[in-house]
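Please open the model in your viewer and keep the sequence panel beside it. The tour moves from one selection to the next.

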Amino acid sequence: MTRFEDELRNNNFVCSYCMKCQHFVWPTSEFCNKCLGNIVWKQVSRNAKLVEVSSADGKYFCIAEFEGHIRVFGSLLGNHTKHNKNLTLEKCNYDERPQFVFKTR
Ligand SMILES: [Zn+2]
């Protein structure tokens, strides 16, 4: 089990981060994808932008973007209006794959 998965289970979204390049390495990796240096695990902001939304069986799903480039697939709670692109990460978990639940702000 990776640190990433472990933290997700505790409702904590962390991503690999390169101190030297000052950017998040996504998908998570043990090494920076630019300089191949070591990474640290850094907390990702709970605020995300809505990239795309879809619905199936009365439920909403979305692609959300954190920190300008970390894109994840998740589910979207509540009343959704197309005009509101600001999301808050309500809950995350890991069960065979990462799970993200968002709420509009
Ligand atoms: Zn780097």
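Begin by selecting Lys42, which touches Phe13, Val14, Cys15, Tyr17 and Phe24, residues up to four places away in sequence not being counted; contact here means heavy atoms within 4.5 Å. This is a predicted model, in which local features need pLDDT of at least 70 and side-chain atom pairs count only at pLDDT 80 or more, while totals for chains, interfaces and linings use all residues. Residues are numbered from 1 along each chain as its sequence is written, and side-chain values use heavy atoms, with hydrogens and water left out.

Lys42 lies in strand β3, where strands (E, at least two residues) and helices (H or I, at least four) are DSSP runs numbered from the N terminus. Lys42 is partly exposed, with a relative accessible area of 34%, the limits being under 20% for buried and over 50% for exposed, with a 1.4 Å probe and protein chains only.

Now colour the open sheet of three strands, whose order is β2-β1-β3 with antiparallel pairing; two strands pair if DSSP finds at least two bridges between them. Its edge strands are β2 (23-25) and β3 (40-43), each pairing on one side only. Three bridges join β1 (residues 14-18) to β2, and Tyr17 stands opposite Phe24 in β2.

Finally, select Ile70, which touches Phe13, Cys15, Phe24, Trp26, Val44, Ala64 and Glu65, again leaving out residues up to four places away in sequence.
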